Amino acid sequence: MVTVLIDQQEVEVHAASDAEALWLDGADLGRVTGFVLKPEGLCKGAICVPLPRDGRDFARADGAVDLAAIWRHMGHPAVHDETGEVWALGTGAAARASTLAELEAPDFALPDLDGRAHSLRELRGRKVLLVTWASW
Amino acid sequence: MWQKVYEELNDPGLEVMAVAMDTPEAARPWIEAAKPTYTSLLDRDHHVAQLFNMVNVPEAVWIDEEGRVVRPAENAGSYDGFRKRDRATGVMPAEAAELTARAKRLYVEAVRDWAIHGYRSRHVLDAATARQQMRPLRDETALAHAHFRLGCHLQRIGKGEAAVRHLEEARRLHPESWSIWRQTAGRNKQGLAAGPDFWQRVDALGARRYYERVKLDGMP
């Protein structure tokens, strides 16, 4: 099993790390990333990211796909620990910058001291001063 | 500080959502002592810093009723007065203390103006200005956040040695982030990442700010 850290999720998936590649079943791709492999490319809802025609780098004949290669192809960072048991899939600078430029506050959910999750969206309809702090 | 702001301005329509860029263990005593009635959340992986491209605390984002950002991430009214402290006695010269107090006061006044006047507040930025005020985002910044996330997770599952490698990589890739640096630095007896290496790093800033100047009229 490999642990994939993506967005705010922590997903356990049957996968095989091979150096900078992360092979998993094509069917699991959607569960981990929300993207599905289709003839037109990698799709989430109506949006598709085209993959190079020569798809050998991303998919194998047995249906396995290299999630790390796909993720990097989309311009996002994919890093892993030395054992390949834990991967962190981040958001690329270009994607983040374009989201920020839209000026829509991205939603998130975080726990309070009692472990109850609160999302930014719950405060819709009110002005929100989102402010950070730390003990350090 | 935010409790008073919240109590005064909740009625005109302001919510305060405070997010600790910290481990739950370190943040807990502070929250228990402050007993905030506003929303107070824990963000051990610094998700919010990544989502809004923040590099220090305190930083704030102003979000309107429709979820639009009307002021992007910026320093929430802190001033570099602490750098003028006598490092032996901890005493801050009167002028630095005055500027520190002024920065805080002006920032809270701006929040108040927005809470009461909404879009008519002169502190609400138009879209072009808001975009222009965003700090740049480099590929290394994005990569640093991924390494930081991985390092935090490895630390939690007891792989401390591997964790350190990724946390150090995050520091190296994103040197502008004080949050990443201080979260991963050693602490003194007071729990502060403010040892000699911290001061060395602060001194190396020279004329640059530790707390970026808030772009508000009259702000020191």
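Two residues count as being in contact here if their C-beta atoms, placed from the backbone, lie within 7 Å. With that in hand, let's look at how the two chains of this predicted model meet.

**Where the chains touch**

The contact draws 66 residues from chain B and 41 residues from chain A. On chain B's side, helix α6 (residues 139-156) gives the largest share, with 11 residues. Sort that side of chain B by class and you get 40 nonpolar, 12 polar and 14 charged residues.

The chains also share some strand pairing. Strand β13 (residues 127-133) of chain A lines up with strand β3 (residues 59-63) of chain B, antiparallel, over 4 bridges.

**A sheet in chain A**

Strands in a sheet pair through backbone hydrogen bonds, either parallel or antiparallel. In chain A, 4 strands make an open sheet in the order β2-β1-β10-β9, with mixed pairing. Which strands stand at the edges? They are β2 (9-13) and β9 (78-80) of chain A, and each has a single partner strand, so one side of each is left without a neighbour in the sheet. On average, neighbouring strands of this sheet are turned by 20° against each other, ignoring direction.

A:V4 stands opposite A:V11 in β2(A).

Most residues other than glycine have a negative phi, and most peptide bonds are trans. Here are some spots that go the other way:

| Spot | Backbone feature | Angle |
|---|---|---|
| B:V57 and B:P58 | cis peptide bond | omega about -5° |
| A:L103 | positive phi, not glycine | phi near 65° |
| B:K35 | positive phi, not glycine | phi near 40° |

Where do they sit? B:P58 lies in the loop between α3 (47-52) and β3 of chain B. A:L103 is in the loop between α3 (93-101) and β11 (109-111) of chain A, while B:K35 is in the loop between α2 (24-34) and β2 (39-42) of chain B.

Is B:K35 buried or exposed? B:K35 has 8 C-beta neighbours inside 10 Å, so it counts as exposed, the cut-off being 12 or fewer. A:L103 has 18 other C-beta atoms within 10 Å, so it is partly exposed.

Methods: Residues are numbered from 1 along each chain as its sequence is written. Chains are lettered from A and ligands numbered from 1 in the order in which they are written. This is a predicted model: local features need pLDDT of at least 70, side-chain atom pairs count only at pLDDT 80 or more; totals for chains, interfaces and linings use all residues. Helices (H or I, at least four residues) and strands (E, at least two) are DSSP runs, numbered from the N terminus. Ala, Val, Leu, Ile, Met, Phe, Trp, Tyr, Cys and Pro count as nonpolar, Asp, Glu, Lys and Arg as charged, and the others, Gly among them, as polar. Two strands pair if DSSP finds at least two bridges between them. Axes are lines fitted to C-alpha atoms, for helices over the stretch in contact, and angles run from 0 to 180 degrees between N-to-C directions. A residue is buried if 20 or more other C-beta atoms lie within 10 Å of its own, exposed if 12 or fewer, and partly exposed in between; C-beta atoms are placed from the backbone.
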